[in-house]
Amino acid sequence: MARPASVHGVVVVDKPGGMTSHDVVARCRRIFGQRQVGHAGTLDPDATGVLVIGLGDATRLLRWLSESRKVYRGTVAFGTSTTTLDAAGAVVEQVAMPVSQAEVEQVASSFVGDILQIPPMVSSIKIGGRRLHELAREGVEVERPPRPVTIHRLDVGEFDASTADAPRVVIDVECSSGTYIRTLAADLGVALGGVAHLESLRRLAVGSFTLDEATPLAELEATPAVALGAVLAPAAAMRAYPECQPSPEVLDRVRHGAPLFASELGIVDETSTELLAVLDASDRLVAVYERWRADRWKPAVVLAANDTAS
């Protein structure tokens, strides 16, 4: 029996809670019957929402999606800290925090911009060759250097003061890649003179991919037609970047990975971008080119397959 053809493209999954991003990748390998599957940015096991999955050749494009801005909606619970900074951990401390919405809004505004975060122990970052979450499971805590991140937007939404000494607030966060929302929640608590943890988290967007395009994992598993219908062409992975459609002669050189002058790619403003999606006449992604010199470009990725399924 012939082996099923590989699928090339991206799938926007609405990840359920209770599983890791790697678990979702493993499920997608079974759904699409292929090994070459990856994801564009880890989402915590208890978190839900947008997880962009790459299939086949599109896995080579995930690094740019991983670097994209992320948008989250989370619930911060004041007055309680946990070992993991979220609801999955054991309670460490409880204090009365009768803060008001106005106070939360004022403090939240101070986190907008470029800030430093200390990564939580329960994370995938490596220190001394070991992942922090592995050390945490062994009861080991190590010093973690602060990391620069950017909070582009931090909006304070619904405020629940039904428990006066332990209010809850919904926050919407647009941030750079590498931002830990549970660290942000804990830091908000400290900035308000107490403690806090992240009670729930839902990712609303990864770059240009939002929940509107997301398909629940259970629906992908239920019907092959739904799964295949959810696959977006590889070109979708680069839709946030400028694109070009060079002549057939230049496109042939692109397929062979040749460096090119900006003029050959149709670039007029040579300062407008550092990355370019190269499409064929049918709008299929052939390659991604990056600036090499002021007027020279070289391939970052040349795709072997140029359609969604082959």
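Analyst: Burial comes before the rest: a residue is called buried under 20% relative accessible area, exposed over 50% and partly exposed in between, with a 1.4 Å probe and protein chains only. By that scale C244 is buried, with a relative accessible area of 9%, and C28 is buried as well, at 0%. This is a predicted model, in which local features need pLDDT of at least 70 and side-chain atom pairs count only at pLDDT 80 or more, while totals for chains, interfaces and linings use all residues. Residues are numbered from 1 along each chain as its sequence is written, and side-chain values use heavy atoms, with hydrogens and water left out.

User: How many disulfides does the search find?

Analyst: A disulfide is a pair of cysteine sulfur atoms within 2.5 Å, and by this rule the count is zero.

User: How should I read salt bridges, and how many are there?

Analyst: Side chains of opposite charge can pair when their charged atoms come close. The rule used here asks for a side-chain nitrogen of Lys or Arg within 4 Å of a carboxyl oxygen of Asp or Glu, and it gives twelve salt bridges. One of them joins E174 and R69, at 3.2 Å from N to O. E174 belongs to strand β11 (residues 168–175) and R69 to the loop between α2 (62–66) and β4 (70–78), so this pair ties together parts that are 105 residues apart in sequence. Such element names follow DSSP runs numbered from the N terminus, helices being H or I of at least four residues and strands E of at least two. R69 itself is partly exposed, with a relative accessible area of 43%.

User: What does D172 touch?

Analyst: Contact means heavy atoms within 4.5 Å. Leaving aside residues up to four places away in sequence, D172 touches Y72, R73, R153, L154 and D155. D172 is found in strand β11 and counts as buried at 16% relative accessibility.

User: Where do charges lie over rings?

Analyst: A charge sits over a ring if NZ of Lys or CZ of Arg is within 6 Å of the ring centre and within 35 degrees of the ring normal. R239 lies over the face of F209, at 4.1 Å from the ring centre, and R296 lies over the face of F261, at 4.3 Å from the ring centre.

User: Is A281 buried or exposed?

Analyst: A281 is exposed, with a relative accessible area of 80%, and is found in the loop between β17 and β18. The C-alpha atoms of A281 and P246, 35 residues apart along the chain, are separated by 8.5 Å.
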